[in-house]
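Hello,

Here is the structure for your files. My notes on its aromatic rings follow below.

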Amino acid sequence: MIVAGHQADLLPWSGFWFTMAKADHFDVMISDQFQPTGYHRRVLMRGTWASVPVVPCGAGTLIGDVRIDPVAAPRALADLVRARYRSSRNWEVRGPRILEMLHDVRTEHLWQLNLSLILGVRDLLEIRTPVTVSEGTGGARTSAGTGPDPEDTGVHIDVDVDVDVSRHQAMTGDSILTLLMDFDDPMELVLAERDEHAEIRA
């Protein structure tokens, strides 16, 4: 079984969807630290940053605790999407579906906005991988040689884990929306892989 995971980012780039499409199970993580200038609240659209306004929060705030205005934030993002992509070749086919996703979102949590869009785009791309949310509340623990775990229950499961690095060959670092709006078959580009046998020259 291939299990993959990623933070709850905003309309992520193609590499996110490559990982999801190749996995048997995909976990969206919301217990990591929020990065105000990271991809949790912003993404490149047409090579320029597009950001969701969030309620100011302190250093160390977790992704799951970041708040948004439930009406203004989706509306602001919809305006950005419309401005950046309405002249695209596939806007008439896919643009209204993205705007409908944003219209249907009613939440005060940034991660729920992002998850709603992730699930909507997953369906649009016809990716069938099940998605769960990891909140970091009592899940599996990993020992890193720090001594005995005081919460160790004495129950252990032996699992062989191989770590794999993505072989995705990205066409752009833009949001997945660029591939959806510019190409008739965006999954062809989502599934593109680097040639592992290509010679690397300095």
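Tyr-39 is partly exposed, with a relative accessible area of 43%, and Trp-49 is partly exposed at 34%. Buried here means under 20% relative accessible area, exposed over 50%, and partly exposed in between, with a 1.4 Å probe and protein chains only. This is a predicted model, in which local features need pLDDT of at least 70 and side-chain atom pairs count only at pLDDT 80 or more, while totals for chains, interfaces and linings use all residues. Residues are numbered from 1 along each chain as its sequence is written, and side-chain values use heavy atoms, with hydrogens and water left out.

There are three aromatic pairs. Rings of Phe, Tyr and Trp (its six-membered ring) pair if their centres lie within 6.5 Å; planes under 30 degrees apart count as stacked, over 60 as edge-to-face and the rest as tilted.

Phe-16 belongs to helix 1 (residues 14–22) and Phe-26 to strand 2 (residues 25–29), so the contact ties together parts ten residues apart in sequence. Helices (H or I, at least four residues) and strands (E, at least two) are DSSP runs, numbered from the N terminus. Both Phe-16 and Phe-26 are buried. Ring pairs join Phe-16, Trp-17 and Phe-26 into a cluster.

Tyr-39 and Trp-49 have ring centres 5.6 Å apart and planes at 55°, so this pair is tilted.

Arg-42 sits over the face of Trp-49, 3.6 Å from the ring centre; the rule asks for NZ of Lys or CZ of Arg within 6 Å of the ring centre and within 35 degrees of the ring normal.

Regards
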